[in-house]
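Student: Got a minute to go over the charged contacts and the surface? Put the model up first.

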Amino acid sequence: MSEILNYIEGNKKETQRLIGLEYEQLQHLIQNAERLHHEKQAVLESKKVRIISGGGGRKPKLSITEQIILT
C-alpha cells in the first residue's frame with residue numbers, strides 16, 4: 001500500500017482535508033469504482049479472441065484503490 005493509503009487508514013478524519021471527501025464517501029467511491037472496473041474488464045475479456053492464453057504481460061504497479069486516490 002502506498003503512504004497516502006496508510007495515512008488515510010490511520011487518520012480517517014484527515015481524509016476530507018487530503019482528498020476532499022469524507023472517509024465514508026471515499027470508501028463508497030472505491031467500492032463502486034472497483035465493481036465497475038471488474039465489470040468492464042469482464043466484458044472486454046469476453047469479447048477478446050485469444051490466440052495465446054491470457055496471464056502474460058506486465059502487472060500494474062498501482063492497485064485500483066491507489067489509482068482512484070491519485071485521480
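Student: What does Lys 48 form with Glu 45?
Tutor: Lys 48 and Glu 45 form a salt bridge, with the closest N and O atoms 3.5 Å apart. The term needs a side-chain nitrogen of Lys or Arg within 4 Å of a carboxyl oxygen of Asp or Glu. This is a predicted model: local features need pLDDT of at least 70, side-chain atom pairs count only at pLDDT 80 or more, and totals for chains, interfaces and linings use all residues. Residues are numbered from 1 along each chain as its sequence is written, and side-chain values use heavy atoms, with hydrogens and water left out.

Student: How many salt bridges in the whole structure?
Tutor: Three. Another joins the side chains of Glu 39 and Arg 35 at 3.3 Å, N to O. Both lie in helix H3, residues 23–47, four residues apart, about one turn of the helix. Helices are DSSP runs (H or I, at least four residues), numbered from the N terminus.

Student: And Glu 14, which residue does its side chain meet?
Tutor: Arg 17, at 2.6 Å, N to O.

Student: Is Arg 17 buried or exposed?
Tutor: Exposed, because its relative accessible area is 59%. Buried means under 20%, exposed over 50%, partly exposed in between (1.4 Å probe, protein chains only). Glu 14 is partly exposed at 26%.

Student: New topic. Which residues form the nonpolar patch on the surface?
Tutor: Ile 4, Tyr 7 and Leu 18, with about 230 Å² of accessible area together. Areas come from the Shrake-Rupley method with a 1.4 Å probe; for residues, only the protein chains shown count as cover. Patch residues have over 30% relative accessible area and no salt bridge; nonpolar side chains (Val, Leu, Ile, Met, Phe, Trp, Tyr) are joined within 5 Å, like charges within 9 Å.

Student: Where does Tyr 7 lie?
Tutor: In helix H1, residues 3–10. Tyr 7 counts as partly exposed because its relative accessibility is 36%.

Notes
Helices (H or I, at least four residues) and strands (E, at least two) are DSSP runs, numbered from the N terminus.
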